[in-house]
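Student: I should like to learn how to read several features of a structural model. Could we take them one at a time, with the general idea before the case?

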Amino acid sequence: MSQFFQQVINGLSLGSIYALIALGYTMVYGILKLINFAHSEVFMVGAYTGFYAAGALGIEGLEQRGAAFPLYLALVVLLVAMSASALLGVLVERLAYRPVRSAPRLTPLITAIGVSLLLQNLGMLVFTPNPRRYPPIIKEVRFELGGVIVTNIKLTIFLVTLALMAGLWYLVQRTWTGRAMRAVSVNLDAAKLMGIDTNRTISATFAIGSALAAAGGILFGLDQITINPLMGTLTGLKAFVAAVLGGIGNIPGAVVGGLLIGLAEQLVAGYVSPDYRDAITFVILIVILILRPEGILGVVRQEKV
Amino acid sequence: MPGHPQLGTKDWLIRVVISSGVVAGIWGLGLGVQAGLIEYVQRIVLLCGINIILAVGLNLINGTTGQFSIGHAGFMAVGAYATAFVGVKLAPGVAAALGAGALADGVVFNVALLVGALLSGVAGLAVGVPSLRLKGDYLAIVTLGFGEIIRLVFNNTKALGSATGYFGDSPAGLPPYTSFFWVWLWVVIVVLIVRNITFSQSGRSLIAIREDEIAAEAMATPTTRLKVTAFTVSAATAGIAGGLFAHMQSGIRPEDFKFEKSIDMIVMIIIGGLGSISGAVIGGIFLAVTLELMRDLQEYRLVLYALLLVIIMIVRPEGLLGTRELSLSFFKRKAGAK
């Protein structure tokens, strides 16, 4: 039984990271009906920005002296990475997606794949393909709860995810920007006629989604210890599946989907075989798309002629 | 609608003569290539042929039918593994019956290729039936999922070498069956099949599905059946390309068939123009040659490649040819217009 709870704890913390990334996919899809493949690279860049920011703040010296990285500096690292990714997300939208926004739907999709490849290969060039050990922005402390090992890192992942989601909820439901985002996702043209600056709203959506992905990147680095420029590919795909599972375009759905995918992955790895932990995500994707393409929390939309 | 005219003996004779002429031509060209070009260039010529098969086959579903698959590397993998495996198992028996040599190799290779095409076609059917109910990016994502699952299955199959890859039973690896003659013979066969489908009545229905699926259905087009058929044929051609690709090297690994391979195929048909067979041919050659020419740029190569893709999508999303075809009459029209 304790093994089961161990897998559930691990699954939920991994799932929180997927949920953070999935939010970016789902928000962009909700507004532009575009699968933003470059999102997984924004996540990767976020993780690397955190890596370099922690380095610049002298984490190595502190580590050698055995001192812990102060919490306020960890927050600075998080903020720097989130801002850098937000900027990258906005730039990608501005330079690559906006020119093809009114083209047939497959053109933006292929553009997104191209941007993803571009950022990935630039990442290999700039960050080098070697995996890097992620700096311990938070020093690991293990404790045992009834046979289940919990670390403060896993707890931090929960807490940071919860805090960011609360912030996102406030932003989307209680601010004018959020209201504009909801209006644009219902109907872009109507929103424009109502005087909403749709371009600015779309930029804001990309900025918020990308910032969340960067937070996911740092938490991923803390959880998995190493990062590399290709880390976004598989993780991004899984997060995208999470968004589809929850109902793409649906914000609470992305969270539910992320947690479920994380749980499923850990349970398969623990009870079936670690070889199939990646395959289960795609099996879930196919089953959900064939049985209920609108996802768990999605709404059915009838196709009109 | 008028029926097809009955073909007389004379027509059949003409067909046989033309076909033999084409086969002999490929044979002769192959000898010339072998004698005149260094091995490195020969390899590029083979890659061009394999790319053409991939592009023309994928174009049938992505371009002509408008149902976007981004997981065709999976079908290529099925064909590659099936061809390699069947070829290796068949070779000793056939060599014993026919005597070792070019004849036995040719028989083994082509039987194995056909088995590979059949199996990847079956895989295409199995993936297509449930997936083709979906549209647009949902379909794209589900094919991506299936492609990854196929790769992960090979990655975990011990009999096929798991992640290390399949190298046959002998220490020398897979036999080098893939020659200029076989590659380009299969190019001609695949292009002819796809061309005949595209310009048949079913092909017109496929285009109708691309343009407006609901309207096509309203006109009593059996949309589901046609989409699944096109998908299956397309998967089978990817399987043939996979088999030819497998025997170009000593072994095949699951990572040869990653998502990036599917992207490569899409880039080929996009460069040439979605929905154009001649465009797919041009795109296939273009990709093989440019990627080789850029090899000196090393790590900048893939950056430039991705940048090229994005720029093409922004500047000329319909590709070089759009849905037009290059043919003799096309050039005549161009000349006439001037």
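Student: How do strands β2 and β3 of chain A pair, in the parallel or the antiparallel sense?

Tutor: This is a predicted model. In chain A, β2 (residues 142-145) and β3 (residues 148-151) pair in the antiparallel sense, over four bridges. Within that pairing, Glu144(A) stands opposite Ile149(A) of β3(A).

Student: What do β2(A) and β3(A) form, and how many residues lie between them?

Tutor: The two strands form a hairpin with two residues between them. In its turn, Gly146(A) has a positive phi of about 55°.

Student: How is the length of helix α5 of chain B to be checked?

Tutor: One compares the expected span with the distance between the end C-alpha atoms. For α5(B), residues 136-155, the 20 residues at 1.5 Å a residue should span 28 Å, and the end C-alpha atoms are 29 Å apart, which agrees.

Student: Is α5(B) largely enclosed or largely open, and why?

Tutor: Of the 20 residues of α5(B), 17 are buried, so the helix is largely enclosed by the rest of the structure.

Student: Which residues touch the most other members of the largest nonpolar core?

Tutor: In soluble globular proteins, nonpolar side chains tend to be buried together. The largest nonpolar core here has 197 residues, and those that touch the most other members include Ala22(A), Ala215(A), Ile53(B) and Tyr81(B). Beyond its neighbours within four places in sequence, Ala215(A) is in contact with Leu20(A), Leu78(A), Met82(A), Val160(A) and Leu164(A).

Student: How many residues does each chain bring to the contact between A and B?

Tutor: Chain A brings 31 residues and chain B 29 residues. On the side of chain A, α5 (106-127) and α12 (277-291) each supply at least two residues. The most comes from α5(A), with 14 residues. By type, this side of chain A divides into 24 nonpolar, four polar and three charged residues.

Notes
Residues numbered from 1 in each chain as written. Chains lettered and ligands numbered in written order. Predicted model: local features only at pLDDT ≥ 70, side-chain atom pairs only at ≥ 80, totals over all residues. Core = buried A, V, L, I, M, F, W, Y, C linked by C-beta atoms within 7 Å. Buried ≥ 20, exposed ≤ 12 C-beta atoms within 10 Å, placed from the backbone. Contact = placed C-beta atoms within 7 Å. Nonpolar A, V, L, I, M, F, W, Y, C, P; charged D, E, K, R; others polar. Pairing = 2+ DSSP bridges. Expected span 1.5 Å × (residues − 1).
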